[in-house]
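Welcome! Take a moment to turn the model around on your screen, and then let us walk through it together.

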Amino acid sequence: MIPIDIRPDKLAEEMLDYTRKLGQGMENLLNADKIDTGVSPKHPVYKEDKLVLYRYDTPAGITPKPVPLLIVYALVNRPYMADIQEDRSTIKGLLATGQDVYLIDWGYPDGADRSLTLDDYINGYIDNCVDFIRESHGLDAINILGICQGGAFSLMYTSMHQEKVKNLVTMVTPVDFEAPGNLLASWTRAMDIDLAVDTMGNVPGELLNWTFLSLKPFSLTGQKYVNMVDLLDDPDKVKNFLRMEKWIFDSPDQAGETFRQFAKDFFQKNGFINGGVVLGDREVNLKELTCPILNIYALQDHLVPPDASRALKTLTSSSDYSELAFPGGHIGIYVSGKAQKEVTPSIGKWLNERSAA
Amino acid sequence: MNNDSFFSNDWMETQRKYWENWMAMSRKAMGVAGGSPTAPWEAALDHWWKALSPAAPDASKQFMERMMDQGKAFFKMAETFLPGANGGVDGWSAFTKTLEDMQQGFRGSVDDGGNTLHRLMAFWELPYDNWQRMVSSMSPVPGDFLRNMPHGDMQGSVDRLLSAPGLGYHREEQAQYQALMRCSIDYQKALQDYLAFNSKLGLKAVERMRSYMQDLIQSGKTIDSARAIYDNWVGCCEAVYAEEVSTPHYAELHGKLVNTQMALKHRMAVMVDENLGAMNMPTRTEIRTLQDRLQETRRENKRMRRDLHALQQQVQTLLGGEAPKSLTSGLRTALIEGPDSKKSMAAKPVAAKPATK
């Protein structure tokens, strides 16, 4: 017996339903307002080259805690993922717990930024932002939350400037790049990074997009759009889909020299585990990291497998290390309804318990 | 907002009538034949779009075409498995024949005029399609112009040609063109290996689908919608893909694909640079040298500002005065506010502030 039982009339009805949704969807699509990027009110407080440091407005009725929180996002994609829509915003959730939130927007590097190195980003830009916030608040140390690659940056920064960081939160941060299931690292190991950077200068966002889409090509470039048809008759869902679509393809180019060092030192040489990462004239040593750490990872993360993040546990000298496992994916940890209820309140609580000025 | 009532009136009404008529014909055909006639589902969807798309606004056409492509893919899938397809053979034998045809399609041994199985095979070109789009975005030549270049038959003669030494005044130029040709051939070979790998995965995905169907039979369940077939096919493809791309063999293929692409681009860039130089125009190499020197100068400037700041602090302390507070003011291009002026400063425009130190 064949396990497929599709009658022509039922297939016709299915097709009718598909085209009806498509027709309705076109109307909703054309009626969609401009896709906004980031929803919580914020304003720039510091600029350096293409970097802009933003400070988020504290919601009415909330008194900000004395120790501000700096969010360090990845260079890949754009930071508005953390504030993507009104009811799906990590930043909004953090503000609600009383965090005084700052965020670094790296901007879009162009050819003139090709020579920026990891040292320039970490001991230059990040350090200047931290100093600015410390001086503004009259504090010796602030809290940092690093996201994905920004988490790796935050680990390097904190290990080199421990006295300026009170508490460190890392989210979906790759630490062990040889952990099983890390496809990106596996693919990158066979690449000639020097040849790629020497050829392209900056690494185009399109190349990164191709790499990410290649992780699940049939779902991410085919099935996703079929699934979208089911959402098309709901204007709000259309807008949310388009917002996410914009974020996925809003990929800044990567400053060539920074990409060169990050890809070689971490993806190819697993630098946090094996050592040998040098910024300026100093080697990164995670054992110099002593502050409290909250390490958050996603159990279904296809970009940064849980084991890649969990490796942090034994690498630092922190005596106050906590983990939070989220049952979702790399993006869901910011945008899912579950994350709004579980992740951000947990971060706020953890920080508030450790943030007496 | 779009106030055009086109969608809610004419267009929606037209498509409704189109499908009502089409379904009536389909039901009538079933009654007359007393069975399940094979229907040109994909063609029907195509006709629907062709009939209606001229009236659709240009702004939505590209989006709709993407949706239509995916819609056709999953209705095509259903059509292929529909009882009565494959020359009227019914039951398990028809189903088996469909799977065998798919396998032959992946082996390249079936010629159906690009119709019956084309879209299923095209589905497995998604990874390549992504690559092609990425290459196009970085190249003045649209698409991947080397894909269809004959390779195997001409390999020997081309190798001989390329190994012939250049002579005389144009020796260097000839050597460069030979190197360019070698890079082209290397890339083409890597690309063909990559495509061949995907074809093998397609064969495995068909096997996975067969196995899945057998499990369904044993469990007594059936699939009763085009969408369910499509989703299961995507699931099989994605599962096989995930297994295979995590192997060292794929990492090697992936690496070669990227590396040979980069080598080819690099060779082209060298030749472009030489031509630019010959025309007394700045070359990319020169510009990169300037970029590197400029960035190094900026680093030195920032270091000196910090050293100067430290010295000023020491001098002020020795003199018993108040030490300069801000470490970052000499680095930033705009300082908007301090922590105590949050609300009032929110509306202030960003203004450049010259360095004062």
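## A buried valine in a loop

Let us begin with V172(A), which is buried, with 28 other C-beta atoms within 10 Å. A residue counts as buried if 20 or more other C-beta atoms lie within 10 Å of its own, as exposed if 12 or fewer do, and as partly exposed in between, with C-beta atoms placed from the backbone. You can find V172(A) in the loop between β8 (165-171) and α5 (183-189) of chain A. Although V172(A) is not a glycine, its phi is positive, at about 35°.

Before going further, please note that this is a predicted model, in which local features need pLDDT of at least 70 and side-chain atom pairs count only at pLDDT 80 or more, while totals for chains, interfaces and linings use all residues. Residues are numbered from 1 along each chain as its sequence is written, and chains are lettered from A and ligands numbered from 1 in the order in which they are written.

Now look for N77(A), in the loop between β3 and β4 (83-85) of chain A. N77(A) is a residue other than glycine with a positive phi, near 60°. Is N77(A) buried or exposed? N77(A) is buried, with 22 other C-beta atoms within 10 Å.

## Chain A as a whole

Chain A contains 14 helices and 12 strands; here helices (H or I, at least four residues) and strands (E, at least two) are DSSP runs, numbered from the N terminus. Its radius of gyration is 22 Å, close to the 21 Å that the globule rule gives for 357 residues, so chain A is as compact as a globular protein of that length. That radius is taken over C-alpha atoms, and the rule is 2.2 Å times the number of residues to the power 0.38.

Along the principal axes, the C-alpha atoms of chain A fill a box of roughly 70 × 55 × 45 Å. Of the 357 residues of chain A, 56% are buried. Among contacts in chain A with a separation of 6 or more, 80% are between residues 24 or more positions apart. (Two residues are in contact if their C-beta atoms, placed from the backbone, lie within 7 Å.)

## A strand with two partners

In strand β6 (residues 101-105) of chain A, 4 of the 5 residues are buried, so this strand is largely enclosed by the rest of the structure. Strand β2 (residues 51-56) of chain A runs antiparallel to β6(A), joined by 4 bridges, and V52(A) stands opposite D105(A). Strand β3 (residues 69-72) of chain A runs parallel to β6(A), with 3 bridges, and here I71(A) stands opposite L103(A). Strands pair if DSSP finds at least two bridges between them.

Chain B has 12 helices and 1 strand. Of its 357 residues, 24% count as buried. Several of the buried residues sit in helix α9(B), among them W233(B), C236(B) and C237(B).

Which residues of α6(A) meet α10(B)? They are L195(A), A196(A), D198(A) and T199(A), and the residues they meet include V258(B), M262(B) and H266(B). Helix α6 (residues 193-200) of chain A and helix α10 (residues 248-278) of chain B pack at an angle of about 35°, with their axes 9 Å apart. Axes are lines fitted to C-alpha atoms, for helices over the stretch in contact, and angles run from 0 to 180 degrees between N-to-C directions.
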